[in-house]
Structures are given as structure tokens and as C-alpha cells.
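Please examine the sequence and the structure shown below. The paragraphs that follow lead through them step by step.

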Amino acid sequence: MFRSIKWRLTVIIFSVTAIFLFLLGFYLMDSMEQYSYENTQKRLFSNASLMASDLKEAFAREPHPDFFQDYARRAKGDINARITIIDPAGKVLGDSTLDKDSMANHADRPEIKKALAGKTGTASRYSTSLRQRMFYLAVPVTTETGVAGIVRVSVPWSEIGAAYNQIRLSIGTAVLVALILTVAVASSFTSTLVVPLQEMTRVAHEMAEGKLDTTLNVRTNDEIGALSRGLNYMAQRLRDNIRQITEERNKVKAILTSMNDGVIAVDRNGDILLVNPAVERMFNISYENSVGKSVIEVIRNFDLEKLLHEALTSDHSITRELQLMAPEPRSFRISTAPLTNETGVVGVVAVMRDITAFREVERMKTDFVANVSHELRTPLTSIKGFVETLLDGALEDQDTARHFLEIINDEADRLNRLISDLLSLSRIEAKQREIHKKPLDMEKLILNSVSILTPQAKEKNQVLNTDIIGPLPLIEADEDMIGQLMINLVDNAIKYTPEGGQIAVCAQAWNDGVKVAVSDTGIGIPRESIPRLFERFYRVDKARSREMGGTGLGLAIVKHILEVHNGKIEVESRLGKGSTFTFYIPVKQARA
Ligand code: ADP
């Protein structure tokens with residue numbers, strides 16, 4: 001309790017006031033005692049002097065032996081003091097209280113000695129006869145012959161100042177009341193100091209716990225008021241700063257969350273500080289299970305660990321391409337940047353971009369150029385070979401010449417097909433070709449495409465059936481494109497189905513769209529080739545495709561047409577048994 005300012009201040013104020021009041025009290029009482037003593041002395045002196053002058057004549061005429069005794073007894077009633085009358089030899093002639101004859105010689109009493117010398121003598125001492133401390137005053141009775149006798153008056157010491165006892169009591173009571181008031185006033189005064197301090201302490205604790213919206217009531221304009229205002233201002237600034245920091249943190253979080261690139265931050269020891277959701281997705285890990293662990297533990301790749309280690313010891317950024325298992329091998333371009341603060345490098349942040357698709361596109365582009373050149377060169381080489389043979393003399397032989405020219409014509413057709421397929425593919429791909437989407441009756445379109453290809457099927461003795469289940473919804477599509485798609489699929493079915501095989505085109509309404517399946521009883525496709533069928537120039541059997549007049553672009557065109565129409569395609573095939581290409585186009589498509 002006494003550790004609180006309130007009580008310490010109260011005790012100090014109380015002590016100071018008490019010391020002051022006690023000193024004042026003692027001084028007052030002392031002064032009063034002194035005053036009372038002097039007063040008594042004066043009163044006794046004037047009474048004694050009066051009696052001395054009164055007795056002058058009695059001493060001169062030698063009165064009756066009991067005269068002085070009677071005088072003393074009488075006078076006592078008037079002056080309220082003990083009176084003793086003594087002769088110059090010290091013998092007691094009369095005493096107001098005791099019997100004069102029982103009293104000893106008083107010549108040796110100091111006040112008597114002084115009176116005998118003609119002066120006023122005073123003394124205070126314990127009287128064995130009266131058994132109390134007495135104050136004595138003796139004056140000489142002087143006649144022409146000198147000191148004729150002595151009048152001594154005395155009062156009990158305790159009577160001196162007895163009148164002031166009441167005042168003393170009052171002073172004591174006043175001091176006590178003053179002290180009690182001091183305690184009350186001091187404690188209420190210190191409360192006015194301490195209560196705001198306690199409130200400030202409470203608010204400061206609340207702020208430390210994060211409750212920054214509490215404010216202090218500023219009640220006064222003094223230093224405490226200034227301190228309260230200071231605390232309120234500090235809380236306001238803290239609130240602003242925390243709001244700013246939170247906003248910044250949320251922005252950074254939002255950026256990190258929305259990024260497609262992975263972000264990993266590691267500390268100086270290579271332990272993960274942060275991974276963003278992209279990294280969680282890429283490596284199928286979770287933030288909670290990654291933070292605080294080493295990179296090697298979480299992503300299990302030594303090259304990445306090495307790169308981050310290198311970045312930690314270098315003060316500039318490093319960019320490198322790494323193959324990481326995610327969980328199948330993927331290519332990442334990783335850029336690091338040092339994380340620094342005033343003490344230097346404290347970690348590294350790495351941004352990882354999955355460039356697998358980009359690398360794939362690059363590879364496909366290179367392949368494409370090589371493929372196109374190769375595809376174009378084959379018919380051209382053939383044409384050039386036959387033309388040279390003709391020029392070398394084969395022209396002379398009409399049959400040979402005709403045969404050669406037919407081959408040249410076929411090759412030119414092939415070139416033409418190739419170029420027109422290439423052009424249509426690149427137009428669809430580059431979205432150059434204008435797309436005219438309008439409500440399309442798929443049933444009509446399917447029947448139309450099938451009828452175009454029926455002669456081709458007939459030539460190979462194939463059965464080409466169409467099965468349309470129920471009414472089909474109108475789909476919003478480009479008629480020419482969907483026509484080309486149908487032709488490509490049915491044409492492939494005819495091409496890759498031996499003589500006498502069966503081909504069926506089935507269509508039905510499906511999930512707010514139309515599903516069409518083109519199936520054949522043809523040669524089928526090996527399982528491993530299925531994922532690559534839609535690549536440009538991909539052919540399971542190049543020679544066969546070429547023999548059939550294929551360009552290797554048909555399914556690539558199909559894929560792109562479906563992309564433009566938000567559709568999708570699936571392939572099911574069994575080698576030697578046949579294949580089914582099933583595509584789906586929604587009725588309405590999201591605008592690109
Ligand atoms: P192509 O002009 O060679 O037919 P496509 O892109 O149309 O080119 O087809 C790519 C390859 O897919 C073909 O070379 C063939 O090997 C295979 N293919 C396509 N359709 C069928 C099918 N119905 N049956 C078997 N194989 C097929």
C-alpha cells in the first residue's frame with residue numbers, strides 16, 4: 001500500500017504538518033507557561049509588597065506572639081496563597097497553613113536569604129511539610145532600622161498556569177483535528193493526482209494489448225492534462241501507423257495471393273519465411289507446413305537450395321532456369337533478390353515462373369518450322385524430280401509423260417491442300433479469320449457434311465450412318481468452321497478405316513449444348529499417341545497419312561475451331577478395333 005504515490009504523498013504531507021503543528025503547539029504552551037509564571041510572580045509580588053508595607057508598623061511595635069499567625073491566616077483568604085511571616089533570624093512568626101511553632105528555621109532558604117539582603121527572593125522546590133512542589137516569593141519588611149522581617153507567599157507549582165490548562169486542551173484538540181483534516185485533505189488532493197495516473201496506466205496497458213481506440217478524458221489543464229493529451233496523441237499516431245501497416249500488409253498479401261508466379265522468401269539460414277498460394281499449388285504444399293522449415297525439406301531440390309544459398313551470399317539478383325519436380329518435371333525461371341534491412345542481407349526472396357508451357361510452345365514452333373519445311377519439300381522434290389525426268393527425255397514417251405504429269409498434278413494438289421490447311425490453321429490461331437457466329441442447326445450441318453463425304457465412303461465400300469437423337473438445340477457457331485470440323489473428323493474416319501468398315505455420326509443434346517460422336521471401325525490409335533493427335537503435323541503413321549492425302553493438320557484445325565467455340569473433344573480408341581472422336585459445343589459461348 002505504501003508503495004503507491006498516493007500514500008507516500010499523504011504520509012509526507014501528514015508528517016510535515018504534524019511536525020509543524022507539534023512545534024507550534026509546544027511553542028504556544030511554553031510561551032503560555034512562561035506568561036503564567038510571570039503573572040503569578042507579579043501577583044504574588046504585589047500581594048507580598050502590600051502585606052510588607054501593612055506589617056511595617058506591626059514589626060515596629062512588637063505585637064502579640066499570635067498576631068502574625070492570625071494575620072497570615074486572615075490574609076490567606078484574600079490572596080489565595082500560603083503566607084509565611086518570618087523574623088530576620090529565620091524564625092517563623094506566622095504561617096497561614098501550618099502551625100508556626102512546628103516549623104523549622106527558614107534562614108537558610110534561598111528566597112529568605114535574598115529577602116534578608118533587601119531584595120525580592122524567589123524559589124521553587126519540593127516542600128516536605130506540604131508534600132508538593134511549591135513556588136515561593138519573599139519580600140523584606142523594611143523599617144528605618146533595616147530589614148525587620150520577611151513576608152513570604154507561596155503557591156503550589158501546579159497551580160501556576162492551571163487556568164491555561166483549558167487553552168492547552170483546546171490547542172491539543174485543534175492540533176489533532178488539524179492532523180485529521182490534513183490526512184483527509186492530503187488524501188483527496190493526492191487522489192486528484194493519482195486517479196488520472198491510474199487511468200493512464202490502465203489505458204497504457206490496454207494500448208499495449210492492442211486496444212488502441214481507448215482515449216483518456218482530459219480533465220485538467222495542468223501537467224497531468226498535458227500528459228493525457230500526449231498519450232491520446234500517441235494512441236492516435238499508433239492507430240494511424242497500425243492502420244497504414246495493416247493496409248500495406250493487406251496489399252502485399254493481396255498481390256502475393258493473386259500472383260501466378262510463385263514467391264518464396266527464406267531467412268539467413270535458408271529457412272522458409274513465406275510461400276504464396278502459387279507455390280502451394282505448384283508443389284502441392286501448405287503454408288503452415290512449410291514456414292520455418294528448410295527449402296530442401298519442403299521442395300526437395302538441391303539445385304534450388306544451391307541457388308538460394310548462392311543468392312544469400314550475393315548482393316545482387318540471380319536469374320536461373322531450373323527443372324523442378326512439381327510433382328512431374330517442370331521448367332521454372334527463378335529470379336532471386338536479397339532481402340535487406342539496416343543490418344544487411346537478412347534473407348532472399350525468389351520469384352518462380354513456370355515456363356514449361358512457354359518452353360513447349362517454343363519447341364513446337366521450332367518443330368513446326370522444321371515440319372512445314374519438310375512437308376513442303378517432299379512434294380516439291382517429287383515434282384522437281386519428275387519434271388527433270390520429263391525434260392531429260394521422258395517427254396518423248398507419251399504414256400510415261402502422262403503418268404509423270406498425273407503424279408506432278410497429285411503432288412501439286414497436295415501442296416495446295418497443305419498450304420490451304422496451313423493458312424486456315426494460322427488464321428484461326430491468330431484469330432484473323434472473321435468468325436460469323438449465328439444460330440446453327442447442327443442436324444442440317446451434320447447431314448450436309450455426311451452427304452459430301454458419302455461418295456468417298458462408298459468408294460471404300462464403307463457404311464456411313466447418321467443417328468441424330470431428338471431435336472438438337474440451335475448453337476451459336478460459325479457454320480463454315482463447324483462444317484470444316486465435321487468434314488475433317490468424318491474424312492479421317494473414312495481414311496483410317498479399311499474397305500468395308502463402318503462409320504457412324506451420332507448427335508444429341510447435351511448439357512446446354514450438342515454432343516457429336518464420330519466413330520469408326522478403323523485401325524485405331526495407340527494409347528500413347530492420343531495426347532499428341534491434335535499437334536500440328538503429328539501423325540501416327542506418316543507414310544499411311546501421306547498415302548491417304550493427309551496433311552497432319554486436320555485435327556489441329558479441329559482443336560482450334562473447338563477452342564473458338566468454347567467446346568472440347570475427347571478421343572477413345574482401341575488399336576485395330578476403331579476410334580471415337582466425341583466433341584461438345586455449348587449453345588451459348590462466352591465472348592472471347
Ligand atoms: P492427317 O491429315 O494425317 O489425317 P490429322 O491431323 O487429321 O492428320 O490426323 C492426325 C493423325 O491422327 C493421323 O495421321 C492419324 O494417324 C490419326 N488419326 C486421325 N483420325 C483417326 C482415326 N479416325 N483413326 C485412326 N487414326 C486417326
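Predicted model: local features only at pLDDT ≥ 70, side-chain atom pairs only at ≥ 80, totals over all residues.

How far does a polar side-chain atom of K495 lie from an oxygen atom of the ligand? The distance is 3.1 Å, which falls under the heading of a polar contact, defined as a pair of N or O atoms within 3.5 Å; within protein, one atom must be able to donate a hydrogen and the other to accept it, and residues adjacent in sequence count only if both atoms are side-chain atoms. The protein buries 98% of the 530 Å² that the ligand exposes when taken alone; such accessible areas come from the Shrake-Rupley method with a 1.4 Å probe, and for residues only the protein chains shown count as cover.

Residues are numbered from 1 along each chain as its sequence is written, and side-chain values use heavy atoms, with hydrogens and water left out.

The ligand is surrounded by 21 residues, where a residue is near a molecule or strand if one of its heavy atoms lies within 4 Å of it. The closest of these residues are N492, S545, T551, G552 and L555. For L555, a backbone N or O atom lies 2.8 Å from an oxygen atom of the ligand. In the side chain of Y496, an N or O atom is 2.8 Å from a ligand oxygen atom.

The chain as a whole is divided into domain 1 (7-163), domain 2 (210-258), domain 3 (260-354), domain 4 (359-428) and domain 5 (436-586); these bounds come from an automatic or database domain assignment. Between the C-alpha centres of domain 3 and domain 4 there is a distance of 51 Å.

Charged side chains form the next topic. The structure holds 30 salt bridges, a salt bridge being a side-chain nitrogen of Lys or Arg within 4 Å of a carboxyl oxygen of Asp or Glu. One of them joins E375 and R546, with 3.8 Å from N to O. E375 belongs to helix 10 (residues 356-391) and R546 to helix 14 (residues 542-547), so this pair ties together parts that are 171 residues apart in sequence. Helices (H or I, at least four residues) and strands (E, at least two) are DSSP runs, numbered from the N terminus. E375 is buried at 2% relative accessible area, whereas R546 is partly exposed at 21%. Here buried means under 20% relative accessible area, exposed over 50%, and partly exposed in between (1.4 Å probe, protein chains only).

Another salt bridge links R402 and E406, again described by an N to O distance, here 3.8 Å. These two residues are 4 residues apart in helix 11 (residues 398-429), and are therefore separated by about one helical turn. R402 is exposed at 59%, and E406 is partly exposed at 43%. Elsewhere, D101 and K100 meet in a salt bridge of 3.4 Å, N to O. D101 is exposed, with 59% relative accessibility, while K100 is buried, with 12%. Together with D66, these residues are linked in a network of salt bridges.

Aromatic rings provide a further kind of pairing. The structure holds 9 aromatic pairs; rings of Phe, Tyr and Trp (its six-membered ring) pair if their centres lie within 6.5 Å, and planes under 30 degrees apart count as stacked, over 60 as edge-to-face and the rest as tilted. Y37 and F135 form an edge-to-face pair, with 5.2 Å centre to centre and 70° between the planes. This pair links distant parts of the chain, since Y37 is in helix 1 (residues 5-60) and F135 in strand 4 (residues 132-143), 98 residues apart. Y37 is partly exposed at 24% relative accessibility, and F135 is buried at 1%.

Finally, consider two strand residues. D95 is found in strand 2 (residues 92-95) and is buried at 0% relative accessibility. The side chain of D95 makes polar contacts with the side chain of R82 at 3.2 Å and with that of T84 at 2.7 Å. I86, in strand 1 (residues 82-86), is buried, with a relative accessible area of 0%.
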